[in-house]
Amino acid sequence: MRSRNRIITILLLPIIVFVFIIGWALYWVGKQQDSNREPPRANTAKDAGTGEQAPVEIGVIEELMEKQLTAEQ
């Protein structure tokens, strides 16, 4: 029984090592692709005249639509 376990271990070890190396290589390639991408840029609105950043308004869509409709009327 003991020699049977040892034989199974010896036969499975190369397969386990191969799977580990493939997994590590895919992880490394994915990490390299992530580092080559540009970082996301912040959404900022620049004031045309002064070059300063104007505040960006974020709100609920319904509120923004109501403001737009009242401004058009």
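How many residues does α1 have, and how far does α1 reach from its first C-alpha to its last?

**View 1. Helix α1 from end to end.** α1 has 35 residues and reaches 51 Å from its first C-alpha to its last, close to the 51 Å expected at 1.5 Å a residue. The expected span is 1.5 Å times one less than the number of residues. This is a predicted model, in which local features need pLDDT of at least 70, side-chain atom pairs count only at pLDDT 80 or more, and totals for chains, interfaces and linings use all residues. Residues are numbered from 1 along each chain as its sequence is written, and side-chain values use heavy atoms, with hydrogens and water left out.

**View 2. The bend in α1.** At L12, α1 bends by about 30 degrees, taken as the angle between axes fitted to the seven residues ending there and the seven starting there. A proline, P14, follows within four residues.

**View 3. A nonpolar patch on the surface.** I8, L12, I15, I16, F18, V19, I22 and L26 form the patch, with about 790 Å² of accessible area together (Shrake-Rupley method, 1.4 Å probe).

**View 4. Helix α2, residues 61-72.** Zero of the 12 residues of α2 are buried (under 20% relative accessible area), so α2 lies largely in the open.

**View 5. Strand β1, residues 45-46.** Among the elements of the chain, β1 has the lowest mean pLDDT, 52 (the predictor's confidence in each residue, from 0 to 100).

Terms used:
Patches are made of residues with over 30% relative accessible area and no salt bridge: like charges are joined within 9 Å, nonpolar side chains (Val, Leu, Ile, Met, Phe, Trp, Tyr) within 5 Å. A salt bridge is a side-chain nitrogen of Lys or Arg within 4 Å of a carboxyl oxygen of Asp or Glu. Helices (H or I, at least four residues) and strands (E, at least two) are DSSP runs, numbered from the N terminus. Buried means under 20% relative accessible area, exposed over 50%, partly exposed in between (1.4 Å probe, protein chains only).
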